[in-house]
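Please open the model in your viewer and keep the selection panel at hand. The tour moves from one selection to the next and says what is there at each stop.

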Amino acid sequence: MTSSGSVGVVSPQTAHFAEPLTLKSGAVLPAYDLVYETYGTLNAQRNNAVLVCHALSGSHHVAGTYAGKPKSVGWWDNLVGPGKPLDTNKFFVIGVNNLGGCFGSTGPTSINPATGKPWGADFPFVTVEDWVAAQARLADLLGIERFAAVVGGSLGGMQALQWTLAFPDRVRHAAIIAAAPKLSAQNIAFNEVARQAIKSDPQFHGGHYYEHGVVPVNGLKLARMVGHITYLSDDAMGEKFGRKLRHGEHKYHWDVEFEIESYLRYQGDKFASYFDANTYLLATKALDYFDPAFDYDGDLAAALARAKADFFVASFSTDWRFSPERSRELVFALIQNGLKVSYAELESTAGHDSFLLDDPQYHAVLRAWFDGIGV
Amino acid sequence: MSTRFDFEVIARWVQPGDTVLDLGCGDGSLLAFLRDTRGIKGYGVEADPKRVVACIRNGVNVLQIDLEKGLTDFNDGQFDHVIMSLSLQAVHHTEKILDEMLRVGREAVVSFPNFGYWKHRQAILNGRMPVSETLPYEWYDTPNVRFFTIADFEALCEQRGIRILERAAFDEDKPVAEEANFLASMAMYRLAR
């Protein structure tokens with residue numbers, strides 16, 4: 001491994017867009033803010049920009065830490081930094097919080113100009129297509145005509161794919177990791193369980209809980225617990241927790257008996273303390289709706305015909321939420337179009353979460369791929 | 001073993017701009033060579049993780065999929081050429097892979113070490129399994145699972161209705177014109193249905 005470091009202390013910026021954005025649903029956002037961070041320097045040719053798209057619970061805070069908060073490490077800090085596979089000495093890297101988010105970009109917690117109150121459940125549905133359209137406006141603002149690469153994992157990978165379809169001339173390379181060209185019924189089912197958990201929480205108040213000064217903590221916690229189970233593999237969970245007991249014996253009570261219960265509750269509580277339930281609802285719907293082949297009678301290859309980018313696709317052997325089969329579907333549809341694509345099917349024990357880890361083989365492949373991008 | 005002489009034969013057999021699928025593409029050097037000399041558009045299939053990285057470093061499209069599972073995800077006639085360079089002897093399902101190569105490709109290019117090479121025969125006569133430049137492994141540590149001669153392969157082609165369009169045979173890196181099954185250590189074929 002070559003020496004690699006952190007991008008150091010970073011701070012987010014906010015871009016305001018006064019021009020209305022018509023969303024895929026037909027709704028119009030009159031104006032909006034996008035919060036973003038950048039790492040590295042845009043070169044004189046402006047050809048070294050890389051957009052990193054976040055997944056369901058991610059944010060614009062991809063790398064580095066905030067001043068005075070050493071634990072506030074970005075969600076893909078192991079990938080992005082000087083000397084790291086996505087090397088900020090070479091690339092100008094951008095992370096942006098998507099529309100409908102809860103980390104500063106316009107979303108359900110923002111004030112609806114029509115009512116003067118938080119949007120809440122009235123915030124319009126946002127899709128992967130809408131997110132990419134908004135990201136393109138941010139690229140305009142930053143003077144980036146064409147990205148060297150757009151990359152993302154999971155829901156972020158769907159955005160990277162959408163970039164190549166919506167703006168074929170604005171993205172030279174796309175990395176689509178642990179993603180799928182559309183969700184399966186099982187995936188949508190898990191999302192629906194998560195949504196019902198939130199919506200059936202008495203504190204949800206039809207999505208207008210802000211006005212009541214409460215948060216549907218239990219629903220959000222439950223949603224995250226379900227999600228978390230699907231992000232881990234059976235093996236990883238077995239290895240980490242097995243049937244380990246909290247008290248070393250069976251207590252015959254409803255409190256934590258098995259360590260896995262404790263872990264899930266902890267993860268759920270932690271998530272519910274900082275994430276917005278309406279954003280979670282919107283993001284799961286964006287996942288469900290994404291299906292570029294929908295307008296092509298399900299013919300994915302036909303849907304991808306307009307793409308021009310060079311692709312990298314990766315999947316993980318134990319990822320059952322976005323299984324290797326789903327990535328292969330995408331790969332073969334790209335090949336049918338004669339597009340350049342490399343595909344890595346990585347051995348991993350960590351399930352869907354693998355895409356956030358720094359497995360040596362995974363990072364070696366990514367490093368090689370990023371190294372091959374000319375700037 | 002993958003020295004330039006067999007690359008050059010394959011380069012003669014493909015046309016500029018052809019689409020090529022290379023099964024068991026290693027570090028991608030054949031595809032890189034064909035790209036640089038013939039302007040082909042190619043994809044390699046490789047299961048080994050380190051070689052996948054090497055392919056990406058060589059700027060070659062590589063697909064990390066298991067060949068033994070077949071080429072079912074590829075469409076009929078999707079490529080001008082499907083190549084399997086010095087790997088056929090390491091594949092269990094020989095007939096299936098040949099059928100698949102000629103389904104997915106208009107033509108197939110296959111090369112393999114000739115078990116009938118005189119030095120190999122000599123080794124057997126001396127009572128030992130051959131170890132040579134083309135068969136460099138000890139019997140207990142070989143990735144090869146099928147051992148066959150030029151005559152065996154041509155009989156299989158005949159039996160399966162596979163047309164041999166061209167053959168090139170070599171003794172190490174020197175072309176062999178006659179008595180290939182005895183004198184050649186390696187053979188290359190251009191095949192079609």
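A disulfide is a pair of cysteine sulfur atoms within 2.5 Å. Select Cys25(B) and Cys55(B) to begin: the sulfur of Cys25(B) has its closest cysteine sulfur in Cys55(B), at 3.6 Å, which is too far for a bond. Over all chains, the structure holds zero disulfides. Cys55(B) is buried, with a relative accessible area of 0%, and Cys25(B) is buried as well, at 6%, where buried means under 20% relative accessible area, exposed over 50%, and partly exposed in between (1.4 Å probe, protein chains only).

Before going on, note that this is a predicted model, in which local features need pLDDT of at least 70 and side-chain atom pairs count only at pLDDT 80 or more, while totals for chains, interfaces and linings use all residues. Residues are numbered from 1 along each chain as its sequence is written, chains are lettered from A and ligands numbered from 1 in the order in which they are written, and side-chain values use heavy atoms, with hydrogens and water left out.

Now show chain B as a cartoon, where you will find seven helices and eight strands; helices (H or I, at least four residues) and strands (E, at least two) are DSSP runs, numbered from the N terminus. Of the 193 residues in chain B, 53% are buried, and the C-alpha atoms fill a box of roughly 45 × 35 × 30 Å along the principal axes.

Next, select residues 94-104 of chain B, which form helix α4. Which residues of this helix are buried? They are Thr94(B), Ile97(B), Leu98(B), Glu100(B), Met101(B), Leu102(B) and Val104(B). An α-helix has 3.6 residues a turn, so residues three or four places apart point the same way.

Among contacts (heavy atoms within 4.5 Å) in chain A between residues at least 6 apart in sequence, 72% join residues at least 24 apart. For chain B, the corresponding share is 65%.
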